[in-house]
Amino acid sequence: MRYWLMKSEPEVYGIADLERDRKTIWDGIRNYQARNFLREMQVGDLAFFYHSQSSPPGIAGLMRVAQPGIDDPTQFDAQSQYYDPKSSLDSPRWQTVRVEFVRSFPALIPLEQLRQTFSAEELLLVRRGNRLSVMPVPEDVAEKILAMVGQ
DNA sequence: GCCAACGTTGGC
DNA sequence: GCCAACGTTGGC
């Protein structure tokens, strides 16, 4: 099983929103490294839903990749804050995935706990200065995270 | 609100 | 291709 971690600000779109919607397009990623990870995703991959810019920040739940290889529609939308005039229908620049809700964790796993448990080598998230919003999580680390919430 | 750590842009 | 300036992310 392949695992990922994806960040979102719960004030903008949190795990509760995904639970309500069941599925969503993970749009608005405008960072090449994050986009490259999105391009690698396959149907059935699992992704931790991370709440950033919140108090405390941490992992709030789990989702599954339902449809990979989607051209992010917001790049073509001149009204969108994610509009990219350098992108075109002929050569879209930004790809993403549709994710589906799996579960909300009974309690958020705080970033602080993740820092105490994993090294920067094990989990990119806890690397100093890390700002990447989409990243892989090694399988053994993912299993330990799931064990923390008794899954 | 501050600021460290990046990523991007653009002049040269 | 270098690198200074600027913009953004995200923890605190």
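By class, which residues does the surface near DNA strand B have? There are one nonpolar, three polar and three charged residues. Ala, Val, Leu, Ile, Met, Phe, Trp, Tyr, Cys and Pro count as nonpolar, Asp, Glu, Lys and Arg as charged, and the others, Gly among them, as polar.

The model is predicted: local features need pLDDT of at least 70 and side-chain atom pairs pLDDT 80 or more, while totals for chains, interfaces and linings use all residues. Residues are numbered from 1 along each chain as its sequence is written, chains are lettered from A and ligands numbered from 1 in the order in which they are written, and side-chain values use heavy atoms, without hydrogens and water.

Chain A contains five helices and six strands; helices (H or I, at least four residues) and strands (E, at least two) are DSSP runs, numbered from the N terminus. Along the sequence their pattern is β-α-α-β-α-β-β-β-α-β-α. The C-alpha atoms of chain A fill a box of roughly 45 × 30 × 30 Å along the principal axes. Of its 151 residues, 44% count as buried, where buried means under 20% relative accessible area, exposed over 50%, and partly exposed in between (1.4 Å probe, protein chains only).

Helix H3 spans residues 32-40, and Ala34, Arg35, Phe37 and Leu38 are buried in this helix. Seen down the axis of H3, the buried residues fall within an arc of 160 degrees, so they line one face of the helix; the arc is that of the directions from the helix axis to the C-beta atoms. Strand E1 (3-8), strand E5 (95-110) and strand E6 (134-137) are included in what covers these residues.

Of the DNA strand B atoms within 4 Å of the protein, 70% belong to sugar or phosphate and the rest to bases. One base oxygen of DNA strand B is 2.5 Å from an N or O atom in the side chain of Arg131.

Elsewhere, Glu19 is found in helix H2 (residues 15-21). Glu19 is partly exposed, with a relative accessible area of 37%. Leaving aside neighbours within four places in sequence, Glu19 is in contact (heavy atoms within 4.5 Å) with Phe101 and Ser104.

Definitions and conventions
Near = heavy atom within 4 Å. Polar contact = N/O pair within 3.5 Å; in protein donor to acceptor, adjacent residues only side chain to side chain.
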